[in-house]
Amino acid sequence: MPVKSFLPLKHIAAIAIILLFTTGAYAQRTTAFPHSTPEAEGISAAGIDSFLTAVGQSKHEFHSIMILRHGKVVAEGWWAPYTPQLRHTLYSTSKSFTSTAVGFAVSEGKLSVNDKVISFFPNSLPDTVKPYLAELTVKDLLTMSVGMAPDPTSTIPFKSDDWVRGFLATPILNKPGSKFLYNSMATFMLSAIVQQATGQKVIDYLKPRLFEPLGIAGEDWEASNKGINTGGWGLRLKTEDMAKLGMLYLHKGVWNGRRLLPEAWVNEATTFKIDQAPGVPQSKKDSSDWMQGYCYQFWRCRHNAFRADGAFGQYIIVMPDQDAVIAVTSETADMQGELNLVWQYLLPAMHNAPVPTKTTVDDALAQHLKKLYLSPLSGAAASGNTSFSGHLTFQPNKDSLKQLDLDFANGACHAKIQAGTQTYNIGFGNGKWLSGATNWPGPYLLTGAKENFSLLQPAKIDGSYAFTDPNTLVLKLRYIESPHSRIITLHLDGKNLSGTEENSFAYGKNKTELTGAVQ
């Protein structure tokens with residue numbers, strides 16, 4: 001027997017929309033934050049949907065996004081095979097967490113931003129301490145105004161096991177505090193200073209002060225061979241964890257009514273400290289989020305926002321004027337282009353009061369968020385040359401790929417890959433992603449650095465393969481706790497084998513040429 005409703009139809013529709021967004025709409029929904037509808041928090045669902053459409057039509061590869069307004073999640077999504085439970089390599093977004101550790105240490109009286117850097121490392125100093133090194137302060141490290149040129153990050157981690165000693169031996173050419181130069185080794189030195197001042201690695205020092213109060217678990221952070229967290233890179237967190245740091249800073253150091261960081265430190269750490277591009281015309285600055293000023297390991301943005309910022313598009317964007325936080329993980333060669341999408345679509349969608357609910361638009365956004373994905377490989381040829389199932393051997397190459405044995409069955413390709421002295425067994429799906437794990441190191445900007453990479457293994461992966469024609473096979477391997485992928489393309493001409501191996505962040509450049517034969 002039908003049940004008579006005692007509510008007007010328009011109210012029933014509104015309740016249905018709320019339920020759609022707060023129960024089943026988010027198949028990958030997170031749990032730490034309260035959830036709400038975009039309209040209830042003054043954001044146009046159509047604006048968010050247009051943003052997602054623009055992302056899909058762009059050259060940027062987004063992996064996740066979380067949008068919070070008034071302390072509530074109004075939209076979140078992960079492009080499959082990425083999921084909410086996965087950590088993601090943050091690259092330089094790590095720097096803002098190191099800065100936060102400095103803030104805690106300052107608030108506890110462990111150090112001061114005016115302390116001299118050399119005072120922490122009396123046993124690592126060069127034979128002659130020159131004046132600029134003697135006057136270098138913690139604040140100079142925080143503001144990337146060390147005075148070195150060029151940035152020593154491309155040399156010290158790759159040539160020395162003792163990064164502290166290597167940094168202190170590097171000439172300082174400009175007066176500290178006078179000139180901006182991005183310097184990830186300066187952030188490493190902040191990590192080393194916190195460790196010297198507190199007796200704990202940054203990750204351990206932050207655990208009871210930041211990670212545990214914010215409900216962050218499963219974090220890890222790379223370390224130098226001397227046991228110091230890398231500081232300027234190497235932290236891995238979930239998207240939701242990134243948003244938590246953004247919310248802490250948006251609320252001036254308060255989390256769920258409890259003060260964790262002093263408000264004075266939050267203000268000091270996120271306001272303009274140094275001009276990255278003095279003398280650049282204002283018209284050029286107006287179009288760049290890298291010319292708004294640098295803070296304490298945070299960047300100023302246009303529209304009175306600030307952000308934590310990592311290579312290839314790892315962002316925590318804090319928007320005080322809009323009471324909003326946006327967390328993003330991605331891989332892109334054009335980071336300004338990604339931020340432009342935020343300002344073009346999401347910023348105008350934010351209003352000062354709730355906006356009218358439109359059922360069809362809300363439903364479209366909910367479905368869009370549920371169906372985000374990165375397509376697996378596909379090709380015109382359903383199957384390939386049976387010789388691919390032979391024993392493939394390669395001539396010496398810079399990626400040390402030696403042998404490849406492939407077994408095709410039931411829509412999957414099971415590969416036995418010998419690279420260097422190691423052998424790896426990896427699965428690839430045909431027209432789908434096949435999940436697994438491997439100890440085969442993935443593409444990484446810091447490959448070759450003298451640090452402990454053991455925590456990166458085994459790496460979580462998803463693989464896909466396709467034949468673009470009967471004689472051409474493509475294998476794609478996503479390292480889904482990083483922004484990056486590996487792509488191997490093989491072509492057979494009789495028994496002769498040729499092809500390439502490339503990293504996704506090379507964007508078609510610097511491919512390793514492969515030659516070999518089928519045996």
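Phe505 is buried, at a relative accessible area of 19%, where buried means under 20% relative accessible area, exposed over 50% and partly exposed in between (1.4 Å probe, protein chains only). The model is predicted: local features need pLDDT of at least 70, side-chain atom pairs count only at pLDDT 80 or more, and totals for chains, interfaces and linings use all residues. Residues are numbered from 1 along each chain as its sequence is written, and side-chain values use heavy atoms, with hydrogens and water left out.

**Aromatic pairs**

- The whole structure holds 24 aromatic pairs; rings of Phe, Tyr and Trp (its six-membered ring) pair if their centres lie within 6.5 Å, and planes under 30 degrees apart count as stacked, over 60 as edge-to-face and the rest as tilted.
- Phe312 and Phe505 form a tilted pair, because their ring planes stand at 35°, with the centres 5.4 Å apart.
- Phe312 sits in the loop between β10 (306–310) and β11 (314–319), and Phe505 in the loop between β22 (496–503) and β23 (512–518), so the pair ties together parts 193 residues apart in sequence. Helices (H or I, at least four residues) and strands (E, at least two) are DSSP runs, numbered from the N terminus.
- Phe312 is also buried, at 10% relative accessibility.
- A cluster linked by ring pairs contains Tyr91, Phe312, Tyr444, Phe453 and Phe505.

**Helix packing**

- Helix α3 (residues 94–107) packs against helix α9 (residues 202–211) at an angle of about 75°, with the axes 10 Å apart. Axes are lines fitted to C-alpha atoms, for helices over the stretch in contact, and angles run from 0 to 180 degrees between N-to-C directions.
- α3 and α9 are therefore roughly perpendicular; angles under 35 degrees count as roughly parallel, over 145 as roughly antiparallel, 65 to 115 as roughly perpendicular and the rest as oblique.
- On the α3 side the contact involves Phe97, Thr100, Ala101, Phe104 and Ala105, and on the α9 side Val202, Tyr205, Leu206, Arg209, Leu210 and Phe211. Contact means heavy atoms within 4.5 Å.

**Nonpolar cores**

- The largest nonpolar core has 85 residues, of which Phe97, Leu141 and Phe167 touch the most other members. Such a core is a set of buried Ala, Val, Leu, Ile, Met, Phe, Trp, Tyr and Cys residues joined through side-chain atoms within 4.5 Å.
- Helix α8 (residues 184–198) supplies the largest share of this core, 8 residues.
- A second, separate core of 37 residues includes Phe51, Trp79, Ala305 and Trp343.
- Beyond four places in sequence, Leu141 has contacts that include Val117, Phe167, Met189 and Gln297.

**Val342**

- Val342 belongs to helix α13 (residues 335–346) and is buried at 2% relative accessibility.
- Not counting residues up to four places away in sequence, Val342 touches Phe51, Ile317, Ile326 and Leu347.
- The C-alpha atoms of Val342 and Tyr444 are separated by 27 Å, and the two residues are 102 apart along the chain.

**Backbone features**

- Ala149 and Pro150 are joined by a cis peptide bond with omega about 0°, and Pro150 lies in the loop between α5 (138–142) and α6 (156–159).
- Another cis bond runs from Gln457 to Pro458, with omega near -5°; Pro458 is in the loop between β18 (451–452) and β19 (459–469).
- Tyr91 is a residue other than glycine with a positive phi, near 50°. Tyr91 lies in the loop between β3 (88–89) and α3 and is buried at 3% relative accessibility.
- Lys252 also has a positive phi, near 60°, in the loop between α10 (239–250) and β7 (254–255). Lys252 is partly exposed, with a relative accessible area of 34%.
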